[in-house]
Amino acid sequence: MRDFSYIAATTIPEAVALLDEKGESARILAGGTDLIVQVREARRDVDWMIDIKSIPEVNVLDYNADSGLTLGAAVECYKIYADDAICDAYPSLIDATTIIGGTAIQGRAGVGGNLCNASPAADGIPPLIVLNATCVIAGPNGEREVPAEDFCTAPGQTVLEKGEMLVSMKIPAPASNSSSYYLRFIPRNEMDIAVVGAGASVTLDAAKQTIVSARIALAAVAPTPLFAEAASARLAGREVSDEAIDAAAEAAQAIARPISDMRGTAEQRTHLVGVLTRRALNGAIQRVRDAT
Amino acid sequence: MLENKEYKVIGTRPIRHDGVDKVTGRALYGADFQAAGLLHGRVLRSPHAHARIISIDTSRAEALPGVKGVVTAKDLPDPGDKIADLGEGAVNLKHLCDNILASDKVLYKGHAVAAVAATNPHIAEEACTLIDVEYEVLPPVLEVRQAMEPDAPLLHEHLRTTSLGETADEPSNVASHIQHKLGDPEKGFAEADVIIEREFVTGTVHQGYIEPHNATAHYNQDGQLTIWCSTQGAFTVREQVAEILQYPISKIKVVPMEIGGGFGGKISVYIKPVAALLAKKTGKPVKVLMNRADVFEGTGPTPASFIRVKMGATKEGKITAAEAYLAFEAGAYPGSPVGPGAMCIFAPYSIENVIIDGYDVVVNKPKTAPYRAPGAPNAAFGSETVVDEIAEKLGIDPLEIRLLNGAKEGDRRADGPVHPRIGCIETVEAAKAHPHYTAPNGKKHHGRGVASGYWFNIGLESSVTINVNSDGTINLIEGSTDIGGTRASIAMQAAEVLGISAESVNPSVVDTESVGYTAVTGGSRTTYATGYAAYEAAQDVKRQMIARAAKLWEVEEANVQFADGEFSSINGKEEQISFRDLCARLGETGGPIVGSGTVNPGGAGGAYATHVVDVAVDEETGKVDILRYTAVQDAGKAIHPSYVEGQIQGGAVQGIGWALNEEYIYNAEGEMTNASFLDYRMPTCLDLPMIDAVIVEVPNPGHPYGVRGVGEVPIVPPMAAIANAIYDAIGVRMTELPMSPDRLLKAMGKI
């Protein structure tokens, strides 16, 4: 493994100044479960690792039924799924955080790091997209906000500019009669990377028969996780039915641009988008209906 | 007479002697080795699957501060045309050497090209990037049928096919062709009412042992070379290193450290001679460790294969003829396990007319190495699927057809040997009687499958020395690496002879200078052959102890008997002394007692297994879940039933991985794209039900306690059993391994 320097920043301005000064040679270290491995395997050249875990703002985990969730960029997965209120409000986020790596990894890895690593197959990103998350970014010119679906730009690439860092993700409070679901397909039952991932959130009417709105997101079928906007829009105002769900699944398949690699073939992935979109939507709908 | 014998120690389940150190992390593995002045080695590996080496320039690496030495194939002695004898068979020495460090050509991605020793591993790693190798890249040959084409690119310009004793004139990638023939296959097929012929393809799979290869080497000032390493056989390391370095075995000491799994993959040497070369060059001890990618890309997996099986049977279910064509990928150098595959393929059946052709073919993949019953699982995937199809066509229960045709004592295998007492039919009967086989399994997309398997097991040389302690315990010195609980199973055989507890035996696995020659832990031979040596050593101790008692009591030795841990005098004098009390009196009766036993037994007993598996197929995703698994196996005599069960479970699990997801995935350039445990998908505990291991005991007449080897045969049936279960679930015959979700989707016509 190559040599690198380690600095622990304690404030956002300090971290931003370091990032601005070091440029491409610096990288934020939070859980390190991707970064350390990438450097060890010489897949990423880093001279400076800037540890942000001592910065208060990136450790915020605050849920309020009115204002929603503020999820700090360095909050580890295990803290998210240990919070009962968050589990109730955002089940898709729990679906994802409980399958990222194993228990030990979940003690270090966080959703913020998952987002910044910008893997097309990231399990943490589709839930952010379907939950309408906004990414709060700090930089030399102050703060800005970007919707989760726009954050990743290519494999390993994000909208973060020189000197910028992710501070937190803000997720709106769930509407009544809404829920969400995330699942992935892997050939094993655990310890694997998604061949395809699909998330869905739905809001039903009071009778729980009609879909008021829905959001669908996909992983591992394009250079970035995708918001299946057209597929989502097709469901708005439709009665819950196999036909409606099949139509959305087909629309989701239409935007998939998968590759063939060691994890799966393109045709397999396109097929699975249909299967998983249906399962995610049905899963989310079932959760709404199961809620008392 | 073996059948009903009651034992005191054998058949019990004592805690293994090495258990506490292993679970508390105190056991020392090769990577733990430390020495003053230790240097760290790193191997540079080929980025190409097939290329000619034009030049290697190590000067920039040598100039890096901290680098103490760089070696290439030029540092190896010229192997000439010598054929090396490694105990387990003759090997072309040039092939052996070229696999350690490539000389003229690289033949697979990951092929070792050069190595560096430096003051820390990071410098060694960096130095590897500073070695300039110029390659002329050649087209790779990545599949056995492609390699057999007459116009295929050649890996070795000098390799000519040896076919049934004749050597061809033209060079070829086909190293050899073997054939076994029994009876009149043509006549047999003419008698058949139903004939099934199918083709099968299996992928390249790795043993997946958890501990990567490691080696530390050091030359003393007097030229004595010591190697500390993880290996299945210290003596075979000594032999291979001696051949490769052309150095006398008496100048090489190999110290086996604890081993974190081998399954056949830690018999061939890779980095051990490299560590020795670096140690020689630097004058310092040098430690070389592989990482996981090195292990996948640079060590021997078990071969991919193409198999065609044809079998015929009468309406009544009698199999009248069988034919097999086995083409195995040897990897970069000749030596695939097609031979054992050909020996085992129809061994669970009594068939009068058989013809088997086997081809050993080189391709641009790592040189294959043994892996648990090498060759037999590939072959059984074909034959056991075809047997299932015949049973289905005839409307006969698949276990019934196995009983109807089951191999038994006196039957001749197609490759020649006549079966001694075997337990083939007994395993099928036990599977049939097991509640699993009759449990309801009618759910949609659920299926049940069965398959049988055979592995012949081996004997080979083993040595054991026993030193008797004054407190009534013994130290048992052995040369067999303990991979699966053999310290316990060997100690228990000595304990049984001496009437002492397993805990009164202190077993040690020692280096090549501290025990007699002992062949590898492989071929399911250790509990059988080293156990046999322990039995003989204990008998030697017993004889000497009887002499001491006789001396003590001033009686004839013939008048001393030993039973239940007590020596007693018969015919007159009433004397009695326990084993323990007599141990305290060795000094006064003539001095210490050392017993020894050495064997090279010819009576290894073949092992049979029959497995039953239930699966659920997700029709939408192609994913197969294993719901229930029962593995029946003839152990001859289970010395330590828990460790026999462990072997059965482990073999079944590795077979499940092989069946469902494990394979080397290559791109068009011949690069393995999944050289990590993330993407080389071995099953985890979450993918498996508890494997129900059922031990059948049909004693092996070739061992004093009836032991048969148990470690290998459990990996033979799973692939076919699962394929047959998938067929039962969804009506699709899978003929390619692994039966991964994408292949199932294709077979079901979903993609």
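Q: How many bridges join strand E2 of chain B to E6(B)?
A: This is a predicted model, where local features need pLDDT of at least 70, side-chain atom pairs count only at pLDDT 80 or more, and totals for chains, interfaces and linings use all residues. Residues are numbered from 1 along each chain as its sequence is written, while chains are lettered from A and ligands numbered from 1 in the order in which they are written. Strands (E, at least two residues) and helices (H or I, at least four) are DSSP runs numbered from the N terminus, and two strands pair if DSSP finds at least two bridges between them. E2 (residues 51-57) runs antiparallel to E6(B), and the bridges joining them number two.

Q: Which residue in E6(B) stands opposite Arg52(B)?
A: Strands of a sheet pair through backbone hydrogen bonds. Opposite Arg52(B) stands Lys105(B).

Q: What is the order of the open sheet of three strands in chain B?
A: Its pairing is antiparallel. The edge strands, E6 (105-106) and E8 (132-137) of chain B, each pair on one side only. The order is E6-E2-E8.

Q: How many residues does the contact take from chain B?
A: Two residues are in contact if their C-beta atoms, placed from the backbone, lie within 7 Å. Chain A gives 19 residues, and chain B gives 21.

Q: Which helix gives the largest share of the side of chain A that touches chain B?
A: The helix spans residues 266-290 and gives five residues. Its name is H12 of chain A.
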